[in-house]
Amino acid sequence: MALSKIQNNSYTDTAVHGQRNLIINGGCVIDQRNNGAAITSSGYVVDRFHYQNDSDATLSLQQSSTVPDNFANSISVTVSTADASVGTTQYSMMTQRIEGYNIANLGWGTSAAKAVTLSFYVRSSVTGTFGGVLNNSDSSRSYPFTYSISSADTWEKKTITIEGDTSGTWNTTNSSGIQLRWAFGMGSTYVGTAGSWSGNLYFGASGAVNLISTLNATFYITGVQLEAGDVATPFEHRSFGDELARCQRYYEKTYPYATTPGTASSYNTITALGIAGMDEETSGQRYITYPWRVEKRTAPTLTIYDQAGNSGKVTTLDNAGTQTHNVGVGLAFAGTYVMGAGPANSAIWGLTFFCVGDSEL
Amino acid sequence: MDEINITAAKYLANNGENVNIEFTVDGVTMHTPLDPANRHYAEIMRQVKAGELTIQEAN
């Protein structure tokens with residue numbers, strides 16, 4: 001190809017190069033906890049997106065395949081029990097907390113604070129003005145924002161540019177930096193004027209609709225991106241493995257990806273952990289050290305399951321090859337990735353268990 | 001604003017030293033390190049300070 005055919009402008013559009021998105025799992029493709037199943041109470045819908053409800057409504061949230069062009073997944077929200085009159089201190093919202101290390105370059109809390117631009121695709125059966133907010137870690141700084149959904153059941157892309165906050169305390173290490181929230185229903189105590197920073201605790205914007213007040217209302221969101229600057233660049237699609245590894249800094253399991261923790265599972269086909277030779281110990285303890293695939297944000301909460309899916313228990317194997325589930329053996333844990341087991345028991349040859357590590361913000 | 005429904009909490013010790021807290025959330029037994037950066041430990045300590053939860057001593 002002649003050099004004259006190469007277009008120089010292919011290299012000058014620096015705004016769309018990689019590693020721009022501060023949001024993890026913005027395409028909603030990673031769901032280690034639920035494997036696509038719905039949640040109806042507070043918890044993680046898909047990885048990194050946390051639902052909190054303190055209202056009289058019941059919502060069903062799950063990973064969905066209802067998507068705009070060029071996406072595989074979204075988060076779906078359905079109102080199964082409506083709350084027609086949201087109390088002043090009630091709330092229903094979804095949050096992604098961004099680790100401080102990942103926002104240090106924004107300079108928030110200083111005179112050099114950079115603007116950020118939020119973009120996402122949204123679709124709802126309810127039209128009108130919706131709200132959300134950016135908070136710091138203790139929600140002592142709040143930036144309520146609004147976006148409009150003009151056509152029911154139609155995907156729309158929303159873009160919101162937010163000036164950098166020159167005030168407040170914004171964590172820049174391994175604790176929560178920014179909390180980005182979408183409000184589904186919000187009492188009057190927690191809403192503020194959209195479009196400016198405030199020192200008040202807000203979770204939503206004044207005048208926004210309460211989705212939770214409409215029975216059977218639906219809401220979908222995907223393609224969530226938060227980036228430095230005042231331009232919304234195209235959504236940064238990452239590989240599945242890259243996105244999974246980013247999520248595993250906050251949550252990891254020894255089960256295969258598609259197995260929901262707590263599911264009865266076979267040792268032979270699953271990555272269960274095991275401790276053998278227990279019967280050889282007469283007075284001490286035997287330990288297993290499990291190095292997580294990804295370094296955790298902080299020492300994780302550990303949940304172990306036996307092969308029958310009982311939490312806090314292990315499956316034991318005696319010298320005759322007999323398996324027994326639901327056995328407590330005085331497990332002790334220490335450190336980020338070290339688990340200990342003991343005391344030894346001459347009647348137990350070995351034990352197996354699965355493990356989940358939670359270092360969420 | 002991230003309250004967790006903790007229904008039981010008990011220290012677990014190794015060689016006489018408390019190394020973690022065993023607790024239950026919605027019927028699931030979990031273990032948290034004694035690390036303020038861990039959200040479960042932070043929430044347990046918040047509930048203890050508020051008088052909403054007591055941590056049992058290790059056996």
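## Ground rules

Because this is a predicted model, local features need pLDDT of at least 70 and side-chain atom pairs count only at pLDDT 80 or more, while totals for chains, interfaces and linings use all residues. Residues are numbered from 1 along each chain as its sequence is written, chains are lettered from A and ligands numbered from 1 in the order in which they are written, and side-chain values use heavy atoms, with hydrogens and water left out.

## Chain A at a glance

Chain A has 22 strands and 1 helix. Both kinds of element are DSSP runs numbered from the N terminus: helices are H or I with at least four residues, and strands are E with at least two.

Of its 361 residues, 52% count as buried. Here, buried means under 20% relative accessible area, exposed means over 50%, and partly exposed is in between (1.4 Å probe, protein chains only). Now for contacts, meaning heavy atoms within 4.5 Å. Take those in chain A between residues at least 6 apart in sequence: 74% of them join residues at least 24 apart.

## The helix

Which residues of helix H1 of chain A are buried? In this helix, residues 240–248, they are A:Glu243, A:Leu244, A:Cys247 and A:Gln248. Look down the axis of H1(A) and these buried residues fall within an arc of 140°, so they line one face of the helix. (The arc is that of the directions from the helix axis to the C-beta atoms.) Part of what covers them is strand E14 (251–253) of chain A.

## A buried arginine

Let's zoom in on A:Arg181, which sits in strand E10 (residues 176–186) of chain A. Is A:Arg181 buried or exposed? With a relative accessible area of 2%, A:Arg181 is buried.

Its side chain makes a polar contact of 2.7 Å with the side chain of A:Asn135. A polar contact is a pair of N or O atoms within 3.5 Å; within protein, one must be able to donate a hydrogen and the other to accept it, and residues adjacent in sequence count only if both atoms are side-chain atoms. Setting aside neighbours within four places in sequence, A:Arg181 also touches other residues, including A:Gln52, A:Met93, A:Phe145 and A:Phe203.

A:Asn25 is not a glycine, yet it has a positive phi of about 65°. A:Asn35 is not a glycine either, and has a positive phi of about 50°. You'll find A:Asn25 in the segment before strand E1 (43–46) of chain A, and A:Asn35 is in the segment before E1 too.

How accessible are they? A:Asn25 is buried, at 0% relative accessible area, whereas A:Asn35 counts as partly exposed at 38%.

## Where A meets B

The contact takes 26 residues from chain A and 19 residues from chain B. Together the two chains bury about 1700 Å², 45% of it on carbon and sulfur atoms. That buried area is the accessible area (1.4 Å probe) that two parts lose on being put together, summed over both.

Across the interface there is 1 salt bridge, a side-chain nitrogen of Lys or Arg within 4 Å of a carboxyl oxygen of Asp or Glu. It joins B:Arg39 and A:Asp358 (2.7 Å, N to O). On the chain A side, strands E2 (49–54), E5 (91–99), E17 (301–305) and E20 (332–334) each supply at least two residues, and E17(A) gives the most, with 4 residues.
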